[in-house]
Amino acid sequence: MPDVTKTKTDTAVDAVAPPTEVATAPAAGPAPKEKSRSLWGDAWYDLRHRPMFWIAAVLLVLLLAIAAFPGLFTSADPRDGDLTNHFLSKPQLTHFFQADWFGYDVQGRSIYARVVYGTRASILVGVGTTVVVTLVGGTLGMLAGYFGGWIDSIISRITDIFFGLPFLLGTMVVLNAFTERKVYVVIGALAFLGWTTITRVMRSSVITAKQADYVVAARALGAGTRRILLRHVLPNALAPTIVVATIALGAYISAEATLSYLGLGLADPTVSWGVDISSAKDAIRDNPHVMLFPAGMLSLTVFAFIMLGDAVRDALDPKLR
Amino acid sequence: MAEIRKTDEAVDATPADATPNVTEVDVVEAATEEAAVAAIDAPVERGEPILQVRNLVKHFPLTQGILFKRQIGAVKAVDGVSFDLYQGETLGIVGESGCGKSTVAKLLMTLENATAGEVFYKGQDITRLSGRALKAVRRNIQMVFQDPYTSLNPRMTVGDIIGEPFEIHPEVAPKGDRRRKVRELLDVVGLNPEYINRYPHQFSGGQRQRIGIARGLALNPEIIICDEPVSALDVSVQAQVINLMEKLQDEFNLSYLFIAHDLSIVRHISDRVGVMYLGKIAEIGTDTEIYDHPTHPYTQALLSAVPVPDPGSREGRERIILTGDVPSPANPPSGCRFRTRCWKAQDKCAKEVPLLAIPERFAGADTPAAHESACHFAEEKDVVHA
Amino acid sequence: MTTIEKTASAPARQREGDDGTPLLEVRDLHVEFHTRDGVAKAVNGVNYSVHAGETLAVLGESGSGKSVTAQAIMGILDMPPGKIPQGQILFRGEDMLTMSNEERRKIRGRRIAMIFQDALSSLNPVLSVGYQLGEMFRVHQGLSKKAAKAKAIELMDRVRIPAAKERVGDYPHQFSGGMRQRIMIAMALALEPDLIIADEPTTALDVTVQAQVMDLLAELQREYNMGLILITHDLGVVADVADKIAVMYAGRIVETAPVHELYKRPAHPYTQGLLESIPRLDRKGQELYAIKGLPPNLLKIPTGCAFNPRCPKAQDICRTDVPLLEPVTEQDGTPLPGRGSACHFWKETIHG
């Protein structure tokens with residue numbers, strides 16, 4: 001699971017004697033030539049100066065391209081197995097981008113092609129789950145945090161109940177109820193138990209934001225709930241959610257692989273890294289390459305998302321500057 | 001037009017109301033929303049009361065339990081406050097933290113619901129208004145906040161912040177005209193209109209407070225409630241902002257309710273001053289009456305405790321050092337609320353609540369000491385000039 | 001009970017007779033912060049000294065470097081982003097910046113103590129007040145738990161916290177703001193330091209409580225013959241307690257003077273402007289004098305005199321040459337001890 005508390009603890013680091021005098025000073029006396037700089041703009045500026053961000057970004061752009069156009073990266077068919085010729089052939093590491101680059105698996109299928117084609121399923125599960133979770137969890141958290149009272153009590157108790165369910169076990173139980181496990185089914189199952197984290201993060205940041213003076217000022221002007229929520233509270237409560245969601249994205253991808261390995265996630269004929277890792281388990285002793293490449297891609301993807309999340313958090317958290 | 005009916009009896013006639021501090025309320029009974037809005041937008045003569053606060057009470061319930069909340073008491077933040085604000089004047093409200101002065105501001109802004117009491121704006125009780133009439137009141141009463149760093153949305157440009165009032169009250173300025181109005185407002189508060197696309201964090205504290213003031217001015221309000229508007233600013237910038245506020249008052253014919261803990265600044269800007277202690281007004285009068293002729297012991301202690309920027313007054317200046325802290329507003333002392341820290345306290349002070357009225361000994365006398373003071377043993381004492 | 005007192009004129013303070021070495025001397029201190037937007041020069045060559053029994057008030061606005069200097073003295077600057085490129089901080093003649101961490105730690109708390117503005121966040125909320133006070137004795141003097149607690153009660157009595165014995169087990173949030181500040185003072189006093197640095201000690205307090213706390217601090221200082229560095233922006237508080245004043249602007253000291261002198265005849269336009277811009281309690285003035293412009297941006301300190309864009313007296317030389325802190329004299333050249341001004345036109349300012 002993503003580490004929710006991390007963003008919190010990090011902000012407490014500079015509790016001891018921050019150079020407050022300096023913190024206010026750069027804002028002073030903007031010369032007329034200074035450009036307009038929004039906080040998002042500042043964060044983007046900050047991101048651009050982080051090598052970690054660029055490593056993550058290059059990796060992710062590549063992964064997205066592979067997911068979108070796998071045909072561009074390989075001409076082999078991931079489902080076309082040739083048991084007679086290629087059964088468990090070793091990788092040919094000098095045959096760049098060719099079908100036998102990473103070798104062949106138990107059924108004689110090109111591992112390179114499978115890794116390429118498996119990207120789409122993994123990325124789809126990760127992105128899809130994150131979108132669903134952010135929309136559902138974010139909305140619930142926003143409502144609970146903003147309105148408080150019984151709405152908050154109900155949402156928070158439901159969140160607590162779902163939070164108490166073991167994530168993986170719960171997802172397995174849900175998936176077990178479906179015979180045909182398509183990508184959207186896996187997304188649904190992961191989201192079913194995954195939304196609680198975002199709800200909690202969103203709720204607490206909305207509570208902080210709604211107490212700000214600028215919200216009081218908007219209320220004093222006679223602004224309606226919609227305006228206050230969408231213009232004042234949400235933009236100021238979004239940053240922690242973005243960070244948690246980015247890091248969680250990686251976690252969902254690995255959760256999909258875990259489920260597929262256990263035979264409860266995606267399954268043949270869907271091509272996915274989890275499915276390949278699962279089917280490689282019997283051959284791993286003598287032919288580790290069968291597992292190595294899908295597992296390596298999986299780790300790389302998760303790593304890229306977590307790194308991106310870290311970079312984004314550092315950029316969005318002005319206290320760490 | 002609204003039907004304006006004069007009521008013969010004063011509203012809720014407690015003795016505290018029968019003083020020159022408060023005048024009779026001409027209650028406006030508006031039959032329709034249109035009538036109410038019309039009455040709210042009607043002009044008021046200079047020197048006439050524009051806002052009349054009567055026996056205003058705000059208790060915040062103290063509850064226990066998570067699921068089943070039950071009330072175990074109440075924080076009596078504001079406990080029976082009455083005063084008038086006249087058109088074109090500045091009424092200063094001073095007091096220490098916890099005296100309820102900021103809660104009064106929130107009640108007048110209808111950001112909190114009053115537990116009891118009325119706030120009449122041009123004869124209409126705003127605590128009972130809703131819908132368009134309430135919106136019209138909100139247009140006419142604006143607020144300037146204490147902290148210029150938190151009162152501006154960091155993710156909105158200055159243009160959007162100052163322009164937001166027009167979006168909420170579109171009738172004030174047509175859409176195409178708003179940008180120009182915002183530039184005008186920036187100019188009025190002494191900021192470069194070119195800054196319209198910048199964000200709050202690109203400005204210093206004093207400049208941000210100017211942006212807050214521009215937002216408050218956008219709707220052409222009649223009253224601006226200033227809650228500690230300069231206390232977060234540097235000394236050298238405070239004077240700039242105070243001067244700006246005085247200039248704007250003349251220019252736009254504004255009435256100010258100026259809430260602050262800095263007694264020197266309040267004297268500088270106010271025509272009249274009310275001193276609050278634990279949810280009640282202890283003493284109220286013109287600035288000369290309060291500062292040069294205080295009769296309430298709390299006012300005297302407060303004034304004498306202010307450090308004066310003159311080392312020469314170190315020797316010889318009389319200082320009244322109060323012992324202890326302000327009691328909790330959840331459990332205020334019986335009788336006079338100041339008695340636990342007062343050097344004049346007698347048995348009577350524990351039993352009888354002193355009313356805010358001109359002390360009998362000064363009544364009828366032509367002296368600046370003859371102003372309302374809620375003390376059984378009111379006595380003039382100049383602590384400022386000693 | 002409430003006391004009404006005529007403050008007697010403070011007796012001339014005893015100087016540490018022996019060799020005249022000041023308790024603390026800051027020499028040409030520079031502090032800078034490396035931020036994303038560039039180098040913020042928070043302190044640019046500060047010199048001041050405090051003797052035992054003396055109160056030095058460091059007066060300045062936000063960004064003047066007054067607190068950063070104090071943090072540098074205490075060794076609690078965040079480094080990085082902070083950096084001390086040059087300067088000396090001499091405690092009893094020894095440079096603290098070249099000492100080992102261990103040596104410095106021994107001085108901190110025991111010889112030099114600090115009082116912060118925000119007592120609530122400076123006290124640990126999960127430990128009782130008595131425990132936190134006693135900790136000083138257990139750690140530094142190795143007292144037993146019981147003896148440390150007795151010491152804690154004694155200290156609370158000394159800073160006049162009512163019912164100290166009953167309240168020693170209470171937690172910080174159970175005390176009011178004024179009482180918490182007293183606890184902070186008690187903590188600073190615990191090991192009877194030679195020097196106390198108080199950073200805006202009463203800014204967060206109400207005016208009636210502020211008077212109590214300042215009185216207490218002044219009295220304890222006399223009693224222990226401590227040096228006191230009072231950092232504040234409040235010209236009123238300074239007038240009440242300080243012996244001498246250093247006015248800071250943009251990381252430099254722009255004026256130094258004994259307290260009476262400063263208020264009577266400021267020798268720097270900034271000090272003059274500040275004094276004129278505060279409203280008076282005892283009379284209703286006309287429009288306030290306002291120093292124009294904005295406090296300086298530490299990333300872009302103006303060339304020459306940092307105050308020049310806001311100064312009514314500024315000439316060309318002010319935009320090119322940095323004025324040094326020079327001794328201020330009478331018109332006829334009679335020296336005025338302890339007075340200095342970093343203004344090219346100090347003569348015109350004080351005598352004009």
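Analyst: We'll go through a sheet in chain B, a helix there, and then a strand in chain C. This is a predicted model, where local features need pLDDT of at least 70, side-chain atom pairs count only at pLDDT 80 or more, and totals for chains, interfaces and linings use all residues. Residues are numbered from 1 along each chain as its sequence is written, with chains lettered from A and ligands numbered from 1 in the order in which they are written.

User: What is the strand order of the open sheet in chain B?

Analyst: Strands of a sheet pair through backbone hydrogen bonds, either parallel or antiparallel. Helices (H or I, at least four residues) and strands (E, at least two) are DSSP runs, numbered from the N terminus, and two strands pair if DSSP finds at least two bridges between them. Here, seven strands line up as β6-β7-β8-β3-β9-β10-β12 in chain B, with mixed pairing. β6 (141-144) and β12 (372-373) of chain B sit at the edges with a single partner strand each, so one side of each has no neighbour in the sheet.

User: How many bridges join β3 to β9 in chain B?

Analyst: Four, between β3 (residues 90-94) and β9 (residues 272-277) of chain B, and these strands run parallel. Gly92(B) stands opposite Val273(B) in β9(B).

User: Which residues of helix α4 in chain B are buried?

Analyst: A residue is buried if 20 or more other C-beta atoms lie within 10 Å of its own, exposed if 12 or fewer, and partly exposed in between, with C-beta atoms placed from the backbone. In α4(B) the buried ones are Val158(B), Gly159(B), Ile161(B), Ile162(B), Gly163(B), Glu164(B), Pro165(B) and Phe166(B). That's eight of the 11 residues of the helix (158-168), so α4(B) is largely enclosed by the rest of the structure.

User: Where does β10 of chain C stand, buried or exposed?

Analyst: Six of the six residues of β10(C) (227-232) are buried, so this strand is largely enclosed too. Gly227(C), Ile229(C) and Ile231(C) are buried on one side, and Leu228(C), Leu230(C) and Thr232(C) on the other.

User: Which residue is the bridge partner of Leu59(C) in β10(C)?

Analyst: Thr232(C). Strand β4 (residues 55-59) of chain C pairs with β10(C) in the parallel sense over five bridges. Strand β9 (residues 195-199) of chain C also pairs with β10(C) in the parallel sense, over five bridges, and there Ala198(C) has Leu230(C) as its bridge partner.
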